[in-house]
Amino acid sequence: MASSHGTPPVFNNKVIAWIDYRLPIFSYLEKEYHHFPTPRNFNYFWNFGAIATVMLVIMIVTGVVLATNYTPHVTMAFDSVERIMRDVPQGWLVRYLHMNGASFFFIAVYIHIFRGMYYGSYKSPRELLWILGVIILLLMMATAFMGYVLPWGQMSFWGATVITNLFSAIPVVGQSIVDWLWGGFAIDNPTLNRFYALHYLLPFVIVGVVALHVVALHIHGSNNPLGIDPRGPQDTVPFHPYYTMKDGFGVVVFLIIYAGFTFFMPNEMGDAANYIEANPLVTPTHIVPEWYFLPFYAILRAIPDKLGGVIAMFGSIGVLFLLPWLDTSRVRSATFRPIYKWFMLVLVIDVIVLGFCGAHPPEGFWVPLAQLGTLYYFFHFLILLPILGKIERPLPLPPSIAASVLKKAG
Amino acid sequence: MATSSMPADGHSDLTRRDFLMVATGALGGIGAVAAAWPLINNLNPAADTLALSSVEVNIQPIQVGQAVTVKWRGKPLFIRHRTPEEIKTAEAVPLSELRDPQTDNSRVTDTAKKVRPEWLIMIGVCTHLGCVPLGNKPGDPKGPFGGWFCPCHGSAYDTSGRIRQGPAPKNLEIPSYLFTTDTLVRVG
């Protein structure tokens, strides 16, 4: 481990020393973000935790600014968003940053989740770290869904109608739950008000869970592409400056792409129907959620039974909670799992195919394709992973991170 | 338990303490639930929302074969003045062919038990996931059964508003309504 790890740092600045003696935030930063021993072999997949954090901050900052001009009322919400777009100084920029920020937050988080799956980051002793991450994903989905309702466009209204109606599939109490969620007999002003309140609240809940996620991460430290534990100082580097630089570089590249979308094609990932004000009496011909929900929407529609579809959709996130125990292999990284590596790729293709199924109306071959995709998704987690861990013969693990890195360097 | 601070016969004292702990904890738990209820109930439909729950419609101007959409409880209400052929088709369907078996007569009866087959009054919300089916406006597609067609996921309803094809589980819902006069209907 890094040499100064464990000894309390000495601060030359008297103000910092005074504060740190009473509230050790500077010691904490020194220990967790400066000297923190981090595996020396990260690839760029390890950037996405930092990128997701940056996106969370951007979403909160732009969201707070938008809230100063937004009116959560059914007769004024749509117009207040148009006012932000046309009249408020640089309101268009803040709104486009927020709108595209949601997409890029999900891009970062989905890559982060893929990283965790491919390199087995959820395995012992990081199961709770993984579960906290799944909770963050669920909170993000709820926040994104409610945020999409706020502009009060046609897709806001009808997306909310379809998704809240999912709960009516629950036997006996379903409709009462839906009326309770709505605060009325249809999506209306009470619904918009509460969604606004929760959309403002939940990001701060996410910040809290992210803090727990980071605390859990810093107990055993990060996993790494080899999936083996560091065995000594030769296997690690201090977090700063090595990974502050690498993360900083990744963040900048990511932000360039994000800015490209925000400035040059801000509506590329949105639906044009949401620029029509919500009309409770007219349904758009084709209701689609935002792209990041499409695979789950496809799973919902793949099951011909209403309740069954709802259970499958929630189950598709539910299995992620069980992933640390469903995967029976003791080898973390897919690099050393010759069969799992390919099935992981198949799962990614499966989720993308499901996404396309979710984007198309459920007609023709899209229906059996979505059903096949759903079947494979659950097959991967519930059947393949438990069996594969038992029968797969992993490749020999390298003796240490340092040995592997130095061999590669020649 | 710390035996040193207790007399040797402190055994009975221990169970009394346990009882008090459990009783206090249970009462506190009930209190917490009771305190949470107003906050949960706060999200239920408010009195003004409930007050809007009935609407009166003058049906005199609706011609035979015409349908109108009225907003009721924030949802579209379909009122269709059915043609004799439409009524005949709806009545001729055997119940065994229906997913949600209901006679046509039972769907055109008001709360005073008076049957008026020419007036079909329904909530225009698809029972699948809540879209508004097409078929009320003259140019709308009416689907393969001549009634309504939901564009979202392809559910088709017949001239009695009963589900005939597609993913919806139930017929279009009939609200409770009453003809206060021959030309005036109160819904809700």
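**Figure 1. A proline inside a helix of chain A.** Pro241(A) is found within helix H10 of chain A, which covers residues 239-264. As in every view here, what you see comes from a predicted model. The peptide bond that joins His240(A) to Pro241(A) is cis, and its omega is about 10 degrees.

**Figure 2. A cis bond in a loop of chain A.** Here the view moves to the loop that lies between helix H5 (91-118) and helix H6 (127-149) of chain A, where Pro125(A) is located. Ser124(A) and Pro125(A) are joined by a cis peptide bond, with omega at about 5 degrees.

**Figure 3. Two residues with positive phi.** Most residues other than glycine have a negative phi. Gln90(A) is not a glycine, yet its phi is positive, at about 55 degrees. You will find Gln90(A) in the loop between helix H4 (77-86) and H5 of chain A. With a relative accessible area of 53%, Gln90(A) counts as exposed, because the cut-off for that class is over 50%. In chain B, Lys113(B) also carries a positive phi without being a glycine, this one about 70 degrees. Lys113(B) sits in the loop between H3 and strand E4 (119-123) of chain B. Lys113(B) is exposed too, with a relative accessibility of 69%.

Figure 4. An α-helix has 3.6 residues a turn, so residues three or four places apart point the same way.

Figure 5. Leu172(B) belongs to the loop between strand E7 (163-165) and strand E8 (177-179) of chain B. Is Leu172(B) buried or exposed? Its relative accessible area is 1%, and buried means under 20%, so Leu172(B) is buried. Leaving aside residues up to four places away in sequence, Leu172(B) touches Arg107(B), Met122(B), Ile123(B), Val125(B), Cys126(B), Thr127(B), Pro133(B), Tyr157(B) and Gly161(B).

**Figure 6. Where chain A meets chain B.** In this view, 24 residues of chain A are in contact with 24 residues of chain B. The area buried between the two chains is about 2,100 Å², and carbon and sulfur atoms give 67% of it. On the chain A side, Trp180(A), Phe185(A) and Leu281(A) lose the most area to chain B, together 34% of what that side buries. How many salt bridges does the rule find across the interface of chain A and chain B? The number is 0, while 5 residue pairs, both members at pLDDT 80 or more, are in polar contact between the chains. Helices H7 (154-165), H8 (174-182) and H11 (294-302) of chain A each supply at least two residues of the side that touches chain B. H7(A) gives the most to that side, with 4 residues. By type, the residues on this side of chain A divide into 14 nonpolar, 6 polar and 4 charged.

How values were computed: Residues are numbered from 1 along each chain as its sequence is written. Chains are lettered from A and ligands numbered from 1 in the order in which they are written. This is a predicted model: local features need pLDDT of at least 70, side-chain atom pairs count only at pLDDT 80 or more; totals for chains, interfaces and linings use all residues. Side-chain values use heavy atoms; hydrogens and water are left out. Contact means heavy atoms within 4.5 Å. Buried area is the accessible area (1.4 Å probe) that two parts lose on being put together, summed over both. A salt bridge is a side-chain nitrogen of Lys or Arg within 4 Å of a carboxyl oxygen of Asp or Glu. A polar contact is a pair of N or O atoms within 3.5 Å; within protein, one must be able to donate a hydrogen and the other to accept it, and residues adjacent in sequence count only if both atoms are side-chain atoms. Ala, Val, Leu, Ile, Met, Phe, Trp, Tyr, Cys and Pro count as nonpolar, Asp, Glu, Lys and Arg as charged, and the others, Gly among them, as polar. Buried means under 20% relative accessible area, exposed over 50%, partly exposed in between (1.4 Å probe, protein chains only).
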